Amino acid sequence: MNSFSQTRKPIADNGILNLQKWNFEKDGAIKLDGEWLFYWNKFLDSTVESNSNNQLHPLIIKVPSAWNNVSQNGFELPGMGYATYRLKVLLPDSTERMGLKIPTVGSALDVFINGEKIAVSGTVGSNKAKMIPSLASYVTYFDLKGANEADIILHISNFYHSKGGIRNSFKLGLEKDIQGGWENVLFLELFLIGCIFIIGLYHQGLFILRKNDKSLYFFGLFCFLMALRITTTGEYLINSIFLINWEWVVKLEYLSFYFCVPAFAAYAYYVFPLDISRIIIRISMGVALGFSCVVIFTPAEFFSQLLVWYQIFSIGMGIYGIVVLYIAINKKREGANIFFIGFNLLFLSLVNDILYSNGVIQTGNYFSLGIFVFIFCQSFLLSLRFSNAFNRAESLTRALNDVNVNLENLVDERTRSLKKANTELTEKNAQINAQHEEMIKLSHELDKFVYSTSHDLRAPIASALGLVNLAKNEKNIHLVHQYLEMNEKCLGKLDGIIRDIINYSQNSRLEVLNEKIDFEKLTENVLENFLLEGDLSKIKINVNISGNQDFYSDESRLFVMLKSLISNSIRFSDLSKENPYIAINIKAGNDNAAINITDNGRGIEESHQEKIFDMFFKANENNSGSGLGLYIVNETLLRLGGKKVVSSKPGMGTTITLLIPNFNSGTIPVHKFSSTSSSI
């Protein structure tokens with residue numbers, strides 16, 4: 001058997017890749033790396049024969065690599081321009097339907113095989129005005145129709161990025177191998193994003209309950225940034241979820257990298273505060289902020305040139321981290337060994353990706369895998385720290401009990417000498433009891449929060465994982481897109497729960513503002529959220545706003561309350577009725593504004609009407625909400641000094657009226673949080 005799988009894989013030589021002895025069935029797909037023909041500032045006609053092409057004096061270029069490294073007539077080519085790449089692939093006699101994995105290029109592409117255009121990415125053009133950039137990574141399939149060779153021609157233009165050309169490998173293979181490989185990559189990226197995001201969300205939740213431990217906050221922030229980075233690199237999954245233009249996708253890619261360095265440095269500082277310099281942390285934050293401002297306020301063709309300098313800075317920070325962690329290990333700091341192992345794997349993957357992105361090595365991107373291993377190690381480290389803290393508390397309690405048992409004998413023997421010590425011991429005992437009671441209280445609050453939120457979070461997560469498994473095994477690309485859209489809805493549900501938690505947190509912490517309110521604009525902004533999501537397609541909305549008085553209140557809090565009430569009416573609407581509707585009536589006066597939300601939905605049982613504003617209350621298990629919406633409405637209403645009334649009949653509908661004070665006098669009421677509801 002003459003199989004290349006047992007020897008070195010063939011590479012392109014002088015524009016020709018000989019695969020006549022390559023067994024696609026046994027050896028699988030192959031990268032089209034090596035020497036391609038290169039025509040600078042020319043769009044070669046795909047119908048022109050090879051002999052005539054030689055008269056155009058093509059250059060030889062290594063693929064993958066940026067064309068910035070190519071010299072023509074003694075001068076290095078600039079990043080801005082356009083060119084044609086050409087490769088002739090000699091194929092075996094019997095070739096089935098083929099597939100081509102097309103990576104992202106810089107930054108628009110047309111693909112021709114044997115004179116037929118089979119794929120496009122963006123719009124190529126000979127100048128900036130004629131081209132449209134794109135970050136598309138996808139697969140395409142084609143039949144050779146009996147031909148034993150494939151003449152591949154690529155038209156590439158770049159007038160938006162500092163580097164142009166092909167910086168990732170094309171891959172050729174049988175349709176099943178190309179499709180399977182792409183699905184595996186998509187599954188891995190979705191899996192990493194989901195895992196890292198959930199870990200970050202978990203630690204942010206812990207930080208809300210333990211605000212004195214800032215390492216939890218920065219670790220959660222680092223996880224969120226890494227999840228964002230995976231969506232803006234590799235297969236660029238963000239393009240499959242959101243409609244974002246090319247410029248902002250690149251900006252998000254750079255910003256996620258820039259901010260992750262100071263976020264990680266701050267996390268490491270709060271884990272090892274005695275070993276890491278606070279000055280280094282401030283420097284990292286300042287450098288990241290400076291580079292990020294350049295990214296935000298300048299085009300990609302400028303800020304992309306500065307990436308290498310931040311990569312050098314990141315490597316310097318990594319070397320500093322290795323030295324500090326080595327010192328921490330020698331000082332026997334808790335968890336230093338685990339942190340050191342995870343950090344070294346992350347640092348090695350970062351160095352690999354930096355060298356790969358600059359064309360120094362041809363290995364591939366492994367930063368996402370390094371992130372996952374590191375985050376797993378850190379999660380274990382944080383769990384270990386919590387466990388040790390509880391063990392120390394138990395040891396202190398046992399020691400205190402032993403002292404109390406022997407205290408009477410000690411008092412008899414040394415009454416005078418231990419009188420002062422006994423007083424000090426009693427004071428310490430009182431402090432420990434107070435701390436113990438506080439720990440019990442926090443534990444109860446944590447149990448309630450974790451139970452309720454985890455119950456609501458697990459359902460969409462389970463659905464998302466199921467859809468990922470379906471997408472993994474599905475060969476139909478259209479069905480894969482449908483699964484991704486369904487996955488997006490599941491993640492949207494998660495996002496709604498998280499927004500409810502954020503609204504509750506902000507309502508408790510942020511000051512009440514005094515702003516002039518335009519109820520028509522406010523209502524329009526609220527309804528736009530639901531129109532974009534398609535929630536109002538079958539429900540008629542009636543809006544009536546009256547009153548000519550100037551009304552002042554906190555606009556963001558009014559927005560949250562109005563959105564929550566309308567969302568609640570939509571959730572419990574009765575679409576089986578002939579004319580389901582929601583009526584929004586707002587009347588502003590000198591002293592207050594009355595906001596009335598009426599619907600003809602399913603209504604509320606009388607026994608539940610006093611409980612609907614309680615935290616995590618759900619009238620039935622089929623309720624898909626978080627159980628926080630109306631609770632946040634009630635707490636927000638208390639902050640504004642307002643009142644409410646509920647009127648509802650099962651099967652008939654519900655009316656909720658809010659009475660909001662007018663701050664036109666400039667006086668903002670001060671109300672502390674309370675779970676007690678008020679009524680008109």
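1. The buried residues of H7 are Ile281, Ser284, Ala288, Phe291, Ser292 and Val295. They lie on the same side of H7, because the arc they cover around the axis is only 105°. This is a predicted model.

2. On the face of H7 turned away from the buried side sit the exposed residues Ile279, Arg282, Leu289 and Phe297.

3. The length of H7 agrees with expectation: its 20 residues (278–297) should span 28 Å at 1.5 Å a residue, and the end C-alpha atoms are 29 Å apart. At the N-terminal end, H7 is capped by Ser277, which has a side-chain oxygen 3.2 Å from the backbone nitrogen of Ile279.

4. Turning to the sheet, five strands form an open arrangement with mixed pairing, in the order S17-S19-S20-S22-S21. Strand S17 (540–546) and strand S21 (643–649) are the edge strands, each pairing on one side only. From one strand to the next, the twist averages 10°.

5. Within the sheet, strand S20 (residues 592–599) pairs with strand S22 (residues 653–661) in the antiparallel sense, over eight bridges. Asn596 stands opposite Thr657 in S22. Helix H16 (residues 629–639) packs on the sheet and touches S21 and S22. The direction of H16 makes about 25° with that of S22.

Definitions and conventions:
Residues numbered from 1 in each chain as written. Predicted model: local features only at pLDDT ≥ 70, side-chain atom pairs only at ≥ 80, totals over all residues. Heavy atoms only, no water. Helix = DSSP H or I, 4+ residues; strand = E, 2+ residues; numbered from the N terminus. Expected span 1.5 Å × (residues − 1). Buried < 20%, exposed > 50% of the residue type's maximum accessible area, 1.4 Å probe, protein only. Arc of directions from axis to C-beta. Polar contact = N/O pair within 3.5 Å; in protein donor to acceptor, adjacent residues only side chain to side chain. Pairing = 2+ DSSP bridges. Axes fitted to C-alpha atoms, helices over the stretch in contact; angles between N-to-C directions. Contact = heavy atoms within 4.5 Å.
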